Structure formats: C-alpha cells, structure tokens
Amino acid sequence: MSAWAAAPLRGWRLMDALSSLHGHEVGRDEAPALWATLDELAARLRMQPVDRILVISGPGAAAMEHPELRRPWRRQRTLAVGLPLLAGLTVVQMQAVIAHEMAHFSQHFGWFGYWWSWAAQVGRRWLGASAASAWFSSRSAHGFGPWLGQAAGAAAARAEFEADAWAAKVTSAGALGEALLRLAVASAKPAPVFGDGPLPEAPWHDAAPGLGAAVGVGELADALRLDSERHARQARSRGAHPSAQDRIDALHWPAPAELPAIPTDEAAGPRWWGEAGWAERLRFERLCWRAENARAWHTEACWREACSAELARVRADDLDTVWECAHTLGLTLPLPPDDDLTPDAAPPLHAYWRGVAWQASDAAEATWWLQAAARHSAGLEAPACLRLLEPMPGRAPRSAQVRESLADARERRNHAKARAAEAGWAEAHPVQAAAWRTGALRQALAADPAVLEAFWLQQTIDAPGARRYPIVTLCLSLSEEASHDAAACAMAYSPLLARVITPAAVGQVECLGQGGVSPVSLARLLERQPELRLK
C-alpha cells in the first residue's frame, strides 16, 4: 500500500488487508478503459495482471495481496483506488499513481523489502495480540523490537522510492510528480469535521475543492512544507513514508511553482467510465455514503450541539466540563491550574481530563495524570492507555507495554460486560448523568424513526483486584424494517453513549431481540423504574 493518501492509508501491506477495506468492485464491463490501462501497465512492468479493482471513498490508493480461500498458496492481487483521485487527476497522472502501486506487486525492488515488511507486521501482531508474549514483549520493547520497526520502515521507504522510479519509467516523472504535489496540497487542507452541521449531500471528505483545483505559488510551497513537517513527526514516533518533497527530489523532476486547474471532463473518472457511467458512479457513491453515515452523523451532531451549548453556559471553574467540551469541539484546551493537587489525590475522572489538557499542550505531565486515572478507575484504564499510546515529549517510547496494558484492560472490560449480562436486570438502577448529557442522547433518539423505544440502565460489577466497573446498557427497540440493520444501529449509538456516560463508565448498546436481551424482564423492570425510559 502506498503513501498516496491524505486519508489514513499508510504502509504497503503484503498480508491480508481486505478485511478492513471496503469499496465498490469494478468489473471489466463497467470500466473497460480502466482495465485496459491496468493490463497495459502490467505488460510494461512485466508482471501478472491485477485480479480485482476496488473504488474506495477515501483519497488514497493501495496495492494488496491476500491468499485465495480455495487455493491459499496463490495470492490474489487487489488494487484499491480512491474516488477523489479519479475525480481530480488526469488519465496520465492516474496511470502514474497506478503504476506506482503495481510496482509493489512486481517486486522489481527485490524480496528484501517484501520480507522485512512481512516480518515487521507479524512481529507487531504477535507482540500486541499474544497473551503468552507478555514476558517477551516487555523485554523486547527496548531490544530488537524498535530495531525491527526501524529496519522495516527503512525498507518500506526504499520500496516507495523504487516504486516511484518504476512508475516514472513506464509513464513519466512529470505525471507522477504533479500527482504527488496535488496530494500534498490535499493533505495540507484542514480535515472536515464529522458531524459538524447538517449532513452534506456529497461525502464529507470531498466537500472541499478537489484535487484538480488550481494551486497558487504560496499554497503549493506551504503544502510541501507542512507535508515534510508531518512526515518528520511521524518518522520520529513510528516511522513513515518519505515526504512528497523527498520523492519529487528523487525523481529529478523540476517541480513547478504553481498548478493549473484540471477541467472536470479531463479527469480520469469521466474518461474511463464515460460521462454517463461516471455520473452514475458518483450518484451511487453519494447515496451509499448518506445511507451508511446518516445516523452516525446525526448522533455526533447532537453531541457537538450539546457541548457547544454547555460550554457557553458552564462556569469557568468547572474544568472537567470545559476540557471535555473544548476537546469535542476541537478548541484550545485551557492549561490546568498551578495548584498543589497531585495525580493520586485527584478524582480519577479529573485526573483523566487534566492529563488530556496537558497532552493537548505537549506537556510531559500528561503521562503522570493519565497513569493515575488508570490506576484508580477500572473504567478509565482503556481510555487512558489509548491516550498514552500517542507520542508525548519527555516520555520514552514504551508502546509495547502500553499496548499490553490496553489489551488487558479491554479483556477486563469485556469480562465485566459478560458478568453484567449474566446478572440480569434485577440489580440494575437508573443512570446518573447530567441533564445536558442525557438531553443529547434523547435528542438523537427522538429524531431516529428506526428506534421505537429506548431504555438505559446501570449495573455495578465487582471484579478481581477490588476493581468496580459501572456498566451502562442502552436498549433499543427497532422497527421491523430496521431490525436487519441492528448491528449498524448499535455501532452508531455506541460512541454517543460512551460520551454521555463519561469515560469512567463502560457502555454497551443492545437491541431487543439481539444479544439475549429479554423484553419480558425489561418490561417488569420498567414498571418499577419508569425513569429508565429514554423514548
């Protein structure tokens, strides 16, 4: 997988990556000109043709291999291309992008990079997922683990330069270089905020001017500088692909100071699909995007609206609420006060948000407060570990230990959820949450026609080590038409529930008739405690 993306498509993967990548599979009848281009490039690169093409919604491109189900010794090659690239780059530029991706398949850069990348991925998965590797991973964190990651990163960087060289050879350095410039400009633009405002008609990441827009002198120079700075930060923390400037320099191509606009009808998408076929593809993409994201967008919008209203109303000394709302809205977090409060003496939730505030200002104090929050609250273990995985100054990289702690915390949370389900609803009690938090959840549920009824309840589960987990369950009764989409509905409400109950509690969403929820026992509980009803 290449570093073509402004979205998070990083690292060329030679293991099975399709499980986490979704897109529209393009048949030869749908876009014969695209398939003809791929066959021609395969012949130039002296490699077998690509087996599948996926059009994905994000602005990226990827080359992936995965074993076939019936013939695991044979690896199927899949090329994923982002719709924004097809809509904004010319045919020649897209040929260069695709040639770069196909060069990874061709292995012209040698097997060294292939096997280093494969070994690094296997090592990271084993160290992060194997419970039996705790002793080994703790001793390898400052041993060969970082060395393996650095060596794999260097090999992947060499593979990128080699793939660029082959792409320039079979197409042109100018086409590849301009595509790199346009993608650097796209990655430098502020990312749209999911849930900010009404649901857009088009996919939210395409709301800004596309890749084919004209780029002025100052904008292009700033984009290249920001791209180089971002890659430098990523290289220090976890390794990264070369920057656009480094890749352009390696091509020995005299980059222009500005870029002209690319007319819409000259983009690769209309040329390869035809005007009518491309218009239908865009229309279908928009319909699918709205269907998949409408509920999640609305729940996020309700929470942002509640945070905005609460931030305008709350007292300045209610720091936890100020930090949480400002963090949600992407605002600058106020610095914690200079007082005598110590991490272990602070309430766990306050310690967590103080750690988040310190982290937002790149202060080393964040580590102490987040670690204290995890020590003193079972529910905050996993959220604090996720925060600790982010690079922070003044702290040696100990990602292996933190990932191990995160895996243990998640396992304990899941065990607590299972015990809550086994205990039934007899010991459940109403959820204690601020009115503005509950209001955000009620607003989202009220506007969702698929949710007929909604209830929530809380249980306290005692775990080994004197740990207590507050478990909050949101029960949804869905309409018959929406019952087949219960998993997607639960996934859309889970982030909102987690925010409403604060990170100190553990939330789960279940649908009536799904996951063993008993409507009879719930009805009896509601007779005794009608305040559990949300809708």
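Me: How far apart are the end C-alpha atoms of helix 17, and what span should its twelve residues have?
Reply: In this predicted model, the end C-alpha atoms of helix 17 (residues 435-446) are 16 Å apart. At 1.5 Å a residue the twelve residues should span 16 Å, so the two values agree.

Me: Which residues of helix 17 are buried?
Reply: W436, R437, T438, A440, L441, A444 and L445 are the buried ones.

Me: And what covers them?
Reply: The cover includes helix 11 and helix 12, strand 5 (451-463) and strand 6 (467-478), and helix 18 (486-500).

Me: Switching to cores. Which residues touch the most other members of the largest nonpolar core?
Reply: M94, I98, M102 and W273 do, in a core of 55 residues. Another core lies apart from that one and has 33 residues, among them A444, W456, L476 and L496. A444 is also one of the buried residues of helix 17.

Me: What is M94 in contact with, leaving aside its neighbours within four places in sequence?
Reply: M94 is in contact with V81, L85, L86, L89, A268 and W272. As background, nonpolar side chains in soluble globular proteins tend to be buried together.

Me: Where does L41 lie, and is L41 buried or exposed?
Reply: L41 lies in helix 1 (residues 32-44). L41 has a relative accessible area of 2%, so it is buried.

Me: What does L41 contact beyond its sequence neighbours?
Reply: With neighbours within four places left out, L41 is in contact with Q95, I98, A99, M102, V170 and T171. I98 is 57 residues from L41 in sequence, and their C-alpha atoms are 8.3 Å apart.

Me: On to rings. How many aromatic pairs are there?
Reply: The count comes to five. One of them is F194 with W297, an edge-to-face pair with centres 4.9 Å apart and 65° between the planes.

Me: Which parts does that F194 and W297 pair tie together?
Reply: F194 is in the loop between helix 7 (173-188) and helix 8 (217-237), while W297 is in helix 11 (residues 275-313), so the pair ties together parts 103 residues apart in sequence. F194 is partly exposed at 22% relative accessible area, whereas W297 is buried at 4%.

Me: Why is the pair of W273 and W278 called tilted?
Reply: Their planes are at 55°, so the pair is tilted, and the ring centres are 5.4 Å apart. The tilted class covers angles between the 30 degrees limit for stacked and the 60 degrees limit for edge-to-face. W273 and W278 are both buried.

Me: Which residues form an aromatic cluster?
Reply: F194, W289 and W297 form one.

Me: Where is R281, and what does R281 contact?
Reply: R281 is in helix 11. Its relative accessibility is 5%, so R281 counts as buried. Beyond neighbours within four places in sequence, R281 is in contact with H24, E30, L83 and W273.

Me: How many salt bridges are there?
Reply: The count comes to 22. One of them joins the side chains of E25 and R52, at 3.2 Å from N to O. That pair links distant parts of the chain, with E25 in strand 1 (residues 24-25) and R52 in strand 2 (residues 52-56), 27 residues apart.

Me: What about E178 and R182, how are they placed in helix 7?
Reply: E178 and R182 are four residues apart in helix 7, about one turn of the helix. Their side chains meet in a salt bridge of 3.2 Å, N to O, and both residues are buried. In general, residues three or four places apart point the same way because an α-helix has 3.6 residues a turn.

Me: What does R354 pair with in a salt bridge?
Reply: R354 pairs with D339, at 3.1 Å from N to O. D339 lies in the loop between helix 12 (319-329) and helix 13 (348-360) and R354 lies in helix 13, so the pair ties together parts 15 residues apart in sequence. D339 counts as partly exposed at 35%, and R354 is buried at 3%.

Me: Which ring does R354 lie over?
Reply: R354 lies over the face of W369, 4.7 Å from the ring centre.

Key
Residues numbered from 1 in each chain as written. Predicted model: local features only at pLDDT ≥ 70, side-chain atom pairs only at ≥ 80, totals over all residues. Heavy atoms only, no water. Phe/Tyr/Trp six-rings, centres within 6.5 Å; stacked < 30°, edge-to-face > 60°. Helix = DSSP H or I, 4+ residues; strand = E, 2+ residues; numbered from the N terminus. Buried < 20%, exposed > 50% of the residue type's maximum accessible area, 1.4 Å probe, protein only. Lys NZ or Arg CZ within 6 Å of the ring centre and 35° of its normal. Contact = heavy atoms within 4.5 Å. Salt bridge = Lys/Arg side-chain N within 4 Å of Asp/Glu carboxyl O. Expected span 1.5 Å × (residues − 1). Core = buried A, V, L, I, M, F, W, Y, C linked by side-chain atoms within 4.5 Å.
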